[in-house]
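Hi,

Here is the model I promised to pass on. Have a look, and my notes follow below.

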Amino acid sequence: MSFKFTQSDDFVSLDVAIRNHLPKVIKNRIKEFEDFRLSFMAKDFGEIAHYCHKVRGVAACYGLYKLEEIVEYIHKAAKESDSSKIDDAFPKLNAYFESLK
C-alpha cells in the first residue's frame, strides 16, 4: 500500500504567537530529519519510532498535519519492524521537508 495524505497543513488558523514560532519549529524538524535519515539507512526501528513519536506531537501543535500523518505512518511501521512501509513513506517525508525549505 502506498502512503497518501488525507489532510493539508493548516497555518492560517494558528494563533499568531504560535505562528510566529513556526519558522524555528520547521528549521528544527529539518535538522532532526538528518538524524532520522541515518536511523532510516541503518533500519534502526527503535530510533525511528522515537523520532516519529517526538515529531508527531510537535507537528500537531503547529498545524503541520502532513508531517503528523507521515510520522504516524512511519512510527507504526517501525513498531512493526516493517521496513517496506518505511521505504514507501520515506520519499514523501523527504519531499515534504524539501517543500518547507
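A word on terms before the details: buried is under 20% relative accessible area, exposed is over 50%, and partly exposed is in between (1.4 Å probe, protein chains only). By that scale, Glu80 counts as partly exposed at 42% relative accessibility, and Lys85 does too at 31%. Their side chains meet in a salt bridge (3.6 Å, N to O); the term means a side-chain nitrogen of Lys or Arg within 4 Å of a carboxyl oxygen of Asp or Glu.

This is a predicted model, so local features need pLDDT of at least 70 and side-chain atom pairs count only at pLDDT 80 or more, while totals for chains, interfaces and linings use all residues. Residues are numbered from 1 along each chain as its sequence is written, and side-chain values use heavy atoms, with hydrogens and water left out.

The structure holds five salt bridges. In one of them Asp87 pairs with Lys43, closest N and O atoms 2.6 Å apart. That pair links distant parts of the chain, with Asp87 in helix α4 and Lys43 in the loop between α1 and α2, 44 residues apart. Helices here are DSSP runs (H or I, at least four residues), numbered from the N terminus.

Helix α4 also has a kink of about 30 degrees at Ala89, shortly before Pro91; the bend is the angle between axes fitted to the seven residues ending there and the seven starting there. Buried residues of α4 include Ile86, Phe90 and Leu93. The buried ones pack against α1, α2 and α3, contact meaning heavy atoms within 4.5 Å.

Cheers

Technical notes
Helices (H or I, at least four residues) and strands (E, at least two) are DSSP runs, numbered from the N terminus.
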